[in-house]
Amino acid sequence: MPYRYASAGCLTVLAAILCACWHSVAAPAGPDVQSNIHIDASAVPGPPEALPFEAGGRSPDGRTLGINSRYLTLDGKPWFPVMGEFHYSRYPAGEWESELLKMKAGGIRIVSTYVFWIHHEEVEGQFDWSGQRDLRQFVELAARNGLYVWVRVGPWAHGEVRNGGLPDWLPAKTKVRQNDPAYLRFVARFYGEIGRQLKGLYWKDGGPIVGVQIENEYHSHGPGMGEEHILTLRRMAREAGMNVPFYTVTAWDNADVPVRNVVPVFGGYPDGFWYRELAELAPSPHYFFTPIRCEENVGMNLKSKHPEIDARFAGRPFLTAEMGGGMELAYHRRPVMSAADIAAMDNAKLGSGVTLYGYYMFHGGTNPEGKLTTLQESQATGYPNDVPVKSYDFQAPLGEFGQMRDSFRDLKTFHLFLNDFGAEFAPMTANFPAEQAKSREDTVTPRVAMRGNGERGFLFIENYQRGAALPERKGFQARIKLAGGELSLPRQPVDIPSGAYTFWPVNMPIGGATLAYATAQPVSRLPDQHLYVFFAWPGIAPQFVFQQTPGVTPGVTIEAPGGRIRREGGRVYVDGIAACSAVAIHVSGGSGQSADIVVLPRERVRNLWKAAIAGSERLVISDADVWFAKDRMELRSSDRSRLAFAVFPGMARGVDGFRPAGRDGIFERYTAALQPAQPVHVSAAVRQLAEAGATPLPHMGKEVAMAPVDADFSRAARWSIQVDASAAAHHAMLRIAYEGDVARIYAGGKLLTDDFYHGAALELGLWRVPPDALKQGIELQVLGLRKDAPIYLPPSARPAYPANGVVARLKGVEAVPEYRAAARWTP
């Protein structure tokens with residue numbers, strides 16, 4: 001295997017470059033605090049207990065799904081899937097498949113989706129399961145592409161939909177969300193329709209549907225309510241044919257969770273549009289390690305407000321369904337999410353013991369056209385918030401028009417790990433240090449946890465907090481007590497940069513040897529190639545330490561073509577590693593096993609993908625947006641130079657549509673064979689039609705400001721935008737930089753999307769605009785934003801107001817074409 005040494009010469013140069021880059025950015029100065037911590041992780045968890053009710057299931061081909069007190073199982077082995085929410089009825093059916101493939105490429109294994117009643121029976125007795133409301137086609141596409149499905153059937157769903165998803169006519173006829181006979185008759189009809197749509201698609205039939213969520217955020221008390229109502233709905237779902245391995249209910253907000261027949265799921269968000277405050281919120285508990293599952297139950301002192309609520313969930317696995325993949329905007333409160341806001345929560349929850357990670361949302365969308373009304377939540381319909389009429393982008397990892405955002409790439413590093421190491425990781429339990437943060441405002445105490453099984457595990461480190469720059473952790477070192485003794489890591493204390501969130505392996509088996517610890521994060525592995533991939537967090541030098549005790553680990557040899565080796569005290573220390581795509585370490589075990597270790601820099605691991613290609617699992621590195629079909633890999637980018645990739649192991653038969661471009665460490669490089677000779681230009685001509693009129697203060701609802709209504713847009717500033725007819729063919733994205741209150745985009749007299757200003761560009765996928773409407777031109781309308789409006793905007797989004805204190809400004813418009821290439825291979 002000569003490639004292990006092929007790039008050794010470049011490593012020294014690259015190391016110098018990387019180190020220079022890492023140390024050129026100074027972390028915020030912090031107090032000189034002690035960063036030594038101690039965790040007792042020596043307890044060996046007992047075997048998980050069976051749940052006190054029947055759950056799980058078997059498919060016709062003998063595959064099994066199960067659940068116990070700690071985790072899910074697949075074919076009798078621990079299973080740690082990643083679940084992402086995608087609302088089929090908020091997305092064009094013709095684009096479903098590519099979006100599902102994007103989710104799969106991002107590491108999602110279960111697609112969860114609401115079935116919004118009002119989207120299907122807006123007019124009483126007239127069910128619509130066509131077009132983008134075709135639930136069956138959506139589930140069949142998920143199955144065809146190797147994804148599982150979790151259906152959330154309500155009847156009340158919320159999801160920022162009008163009436164929480166209930167049709168307008170329903171509350172006029174009956175009491176809702178209780179065991180009222182009239183209500184249950186309507187529910188039985190709705191569930192019966194769902195059951196017919198999904199017939200033959202359940203796990204028991206060989207289909208992809210593994211779970212059903214009943215109701216949502218349910219906490220009603222009285223006769224025919226509470227747990228009794230939840231169990232009635234579960235029974236009715238089964239009677240309608242929805243017979244699945246798992247039934248779940250959301251458990252936050254002191255919800256009603258029966259002790260039998262359903263499993264609680266949890267959630268949490270870094271911020272919330274629903275809060276009434278028009279200022280920054282208190283520090284979120286989701287950047288601390290804690291065993292408390294309900295976020296509203298975490299006090300400012302990080303202790304449980306209601307231990308009796310926590311006790312209710314003892315003996316149930318820590319499953320999540322709504323960890324924030326982003327955040328919707330409300331008119332009165334417009335929080336802006338960064339990629340780190342989302343990804344750092346993953347790190348904290350994995351270290352806290354989660355065994356199913358579910359996102360809400362993972363993919364954004366657009367509210368469909370209503371037959372009678374618009375379909376968004378609003379104060380006018382008695383709900384507490386006004387959200388955009390059309391846009392449900394949610395700042396999700398995949399946006400309203402399928403945009404792959406930075407958060408998608410950051411989250412993928414966790415998903416790759418869970419998909420490859422989940423069977424070992426899921427049974428591990430969370431252990432917390434003796435010295436923990438004293439409050440949610442504590443920025444001094446290091447935040448760490450150990451997820452382990454008594455002998456080995458992973459040390460989680462969280463030095464990130466939304467809205468606050470935590471100090472650099474000087475001289476960080478952890479002492480971990482394990483069943484076999486105590487381990488200090490790293491041996492020499494290191495500094496943890498501000499903003500870092502990562503985890504390190506402890507006593508990890510690799511290639512017949514034991515990796516005592518590494519100061520690098522494991523990402524993926526290729527068992528057939530004996531390859532392990534780690535990444536180095538910027539500012540933390542990667543060090544790998546192996547056990548090599550004479551007479552105990554005979555025959556173990558460690559080579560470091562990409563680093564320095566030092567042997568001392570029965571251990572082999574490897575450091576001086578330059579993060580790149582060459583092999584840094586080769587391990588040979590005494591049992592004939594071996595493994596190679598590659599340590600990538602963080603920016604490269606964000607662009608790492610894994611898929612079955614030409615009959616083998618392969619790793620791909622590409623800066624493009626990537627997803628995989630059975631016989632090809634699709635690459636998309638607004639930069640034509642990014643239509644390139646590197647793959648390991650190499651492709652013996654080559655790749656159709658791409659030409660070889662040399663090597664990059666162990667990877668073979670390819671570039672698109674056919675690229676435009678010149679960049680594609682899609683013009684966007686702008687003409688102002690009207691200045692903004694008078695801008696009064698927003699009307700107030702019961703507690704917060706109300707969004708403008710259609711009539712208010714008569715005083716909006718208006719612009720005409722004329723784009724090339726080629727925009728759709730080039731899959732161009734219209735990007736509009738503006739400042740104002742609310743923006744709307746119309747074409748052909750139809751509202752296409754809208755936005756509550758929050759500092760980001762307003763985007764529109766031009767391929768969605770009908771050709772005739774595109775030819776007529778697009779109209780942008782922007783209402784003025786008053787400086788004194790009772791609206792929360794984060795500081796980074798606040799505009800510079802002119803002297804009159806009102807802004808309605810168009811800053812720029814561009815139509816950005818997308819370059820495309822497909823790499824094809826022989827299956």
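Predicted model: local features only at pLDDT ≥ 70, side-chain atom pairs only at ≥ 80, totals over all residues.
Which residues of helix 7 are buried?

Residues are numbered from 1 along each chain as its sequence is written, and side-chain values use heavy atoms, with hydrogens and water left out.

**Close-up 1. Helix 7 and its cover.** Helix 7 takes in residues 181-197, 17 residues in total. From its first C-alpha to its last it reaches 24 Å, close to the 24 Å expected at 1.5 Å a residue (the expected span is 1.5 Å times one less than the number of residues). Helices here are DSSP runs of H or I with at least four residues, strands are runs of E with at least two, and both are numbered from the N terminus. Back to the opening question: the buried ones are Ala182, Tyr183, Leu184, Phe186, Val187, Phe190, Tyr191, Gly192, Glu193, Ile194, Gly195 and Gln197. Buried means under 20% relative accessible area, exposed means over 50%, and partly exposed is in between, using a 1.4 Å probe and protein chains only. Because 12 of the 17 residues are buried, helix 7 is largely enclosed by the rest of the structure. Its cover includes helix 4 (117-120), helix 5 (135-144), helix 6 (169-173) and helix 8 (226-239). At the start of helix 7, look for aspartate 180: one of its side-chain oxygens comes to within 3.0 Å of the backbone nitrogen of alanine 182.

Close-up 2. Rolling a probe the size of a water molecule over the atoms shows where empty space is left. On a 1 Å grid over the protein atoms alone, a cavity is a set of points where a 1.4 Å probe fits but cannot get out, while a pocket is an open set with protein on both sides within 12 Å along at least five of seven lines; lining residues have an atom within 4 Å of a point. Grid points are joined across faces, edges and corners, and a volume is the space filled by probe spheres set on the points. That rule gives five cavities of 30 Å³ or more. The largest cavity holds about 60 Å³ of space. Around it sit Met83, Glu85, Ser112, Trp150, Arg152, Gln213, Thr248, Val265 and Ala321. Strand 6 (82-85) and strand 8 (148-152) each put at least two residues into this lining.

**Close-up 3. The second largest cavity.** About 40 Å³ of space lies in this one. Its lining is made of Asp410, Thr413, Phe414, Tyr501, Gln521, Phe535, Trp537, Arg602, Val605 and Arg606.

Close-up 4. The lining runs to 43 residues, and Trp252, Asp253, Trp274, Tyr275 and Glu295 are the ones nearest the centre of the pocket.

**Close-up 5. Serine 391 and its partners.** Serine 391 belongs to strand 15 (residues 391-392). With 8% relative accessibility, it counts as buried. Its side chain makes a polar contact of 2.9 Å with the side chain of glutamate 400. A polar contact is a pair of N or O atoms within 3.5 Å; within protein, one must be able to donate a hydrogen and the other to accept it, and residues adjacent in sequence count only if both atoms are side-chain atoms. A polar atom of the serine 391 side chain also lies 3.4 Å from the backbone nitrogen of aspartate 393. Setting aside neighbours within four places in sequence, serine 391 is in contact (heavy atoms within 4.5 Å) with Glu328, Gly365, Glu400, Thr753 and Asp754.

Close-up 6. The peptide bond from glycine 154 to proline 155 is cis, with omega near 15°. Asparagine 163 is found in this loop too. Its phi is near 60°, a positive value in a residue other than glycine, and asparagine 163 is buried at a relative accessible area of 11%.
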